[in-house]
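Subject: Structure handover

Dear colleague,

Here is the structure you asked about, with the sequence. My notes on what was found follow below it.

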Amino acid sequence: MAGVGGVTIEAVDPFSAEATQLVAAYLDEISETFGYDTTKAVPTTPEDCLPPRGRFLVVREPDGTPIGCGGVRLLDAGTAEVKRMYLQPSARGRGLGRQLLAALEAEAMALGASNGVLDTNESLESALALYRNGGWHEVAAYNDNPEATHWFAKPLG
């Protein structure tokens, strides 16, 4: 999928080195931002983003350098959850978050989902703004993730 300025978004193996490195950078950032603790959070594994029940996307610069990622996984036949959405700080402010979120929504629909859900933390103000501006609305908690403070949903399609 082509993006702004020659950036591409493509599905990759969630076990690949680049996927692993991007998720590690994401986890490091949220640990620094609000003290995210992987031992308390609802577990998400690379297996969750394997077809046919999930997808993992990587955002690439025109030269192929990976600069962001995100995953989607089916929770049930009609509901997909967005997970691990991340852009490196140098890639932010270019509209790539909107593009990545749209690509994840499209992948969720391709998996058969008609509804999307996600959770996030109040410390991630840019993420909250992105989801709200993208048509996601706040809902009651759909999981028991103690690291989340906000839960969102969106009809897909």
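Tyr36 counts as buried, at 10% relative accessibility. Please keep in mind throughout that this is a predicted model.

Aromatic pairs

Tyr36 is paired with Phe34: the ring centres are 6.1 Å apart and the planes stand at 85 degrees, so the pair is edge-to-face. The count of aromatic pairs comes to three. Another of them is Tyr26 with Tyr86, also edge-to-face, at 6.2 Å centre to centre and 65 degrees between the planes. Because Tyr26 lies in helix H1 and Tyr86 in strand S4, this pair ties together parts that are 60 residues apart in sequence. Tyr26 has a relative accessible area of 14% and is buried; Tyr86 is buried too, at 7%.

Helix H3

The buried residues of H3 (125-133) are Ala127, Leu128, Leu130 and Tyr131. Viewed down the helix axis, they fall within an arc of 165 degrees, so they line one face of H3. The face turned away from that buried side carries Glu125, Ser126 and Asn133, which are exposed. What covers the buried residues of H3? The cover includes S4, H2, S5 and strand S7 (150-155). After H3 comes Gly135, with a positive phi near 90 degrees.

Pockets

The largest pocket holds about 790 Å³ of space. Its lining is made up of 36 residues, and those nearest the centre are Met85, Leu124, Ser126, Ala127 and Tyr131. Of these, Ala127 and Tyr131 are among the buried residues of H3, while Ser126 is on the exposed face of H3. Helix H1 (17-34), strand S4 (79-87), helix H2 (96-110), strand S5 (115-120) and H3 each supply at least two lining residues. S4 gives the most, with six. By class, the lining has 18 nonpolar, nine polar and nine charged residues.

The second largest pocket holds about 180 Å³. Which element gives the most to its lining? That is H1, with four residues. The lining consists of Pro14, Ala19, Thr20, Val23, Leu27, Thr44, Thr45, Pro46, Cys49, Phe56 and Arg84. By class, seven are nonpolar, three polar and one charged.

Regards

How values were computed. Residues are numbered from 1 along each chain as its sequence is written. This is a predicted model: local features need pLDDT of at least 70, side-chain atom pairs count only at pLDDT 80 or more; totals for chains, interfaces and linings use all residues. Side-chain values use heavy atoms; hydrogens and water are left out. On a 1 Å grid over the protein atoms alone, a cavity is a set of points where a 1.4 Å probe fits but cannot get out, and a pocket is an open set with protein on both sides within 12 Å along at least five of seven lines; lining residues have an atom within 4 Å of a point. Grid points are joined across faces, edges and corners, and a volume is the space filled by probe spheres set on the points. Ala, Val, Leu, Ile, Met, Phe, Trp, Tyr, Cys and Pro count as nonpolar, Asp, Glu, Lys and Arg as charged, and the others, Gly among them, as polar. Buried means under 20% relative accessible area, exposed over 50%, partly exposed in between (1.4 Å probe, protein chains only). The arc is that of the directions from the helix axis to the C-beta atoms. Contact means heavy atoms within 4.5 Å. Rings of Phe, Tyr and Trp (its six-membered ring) pair if their centres lie within 6.5 Å; planes under 30 degrees apart count as stacked, over 60 as edge-to-face and the rest as tilted.
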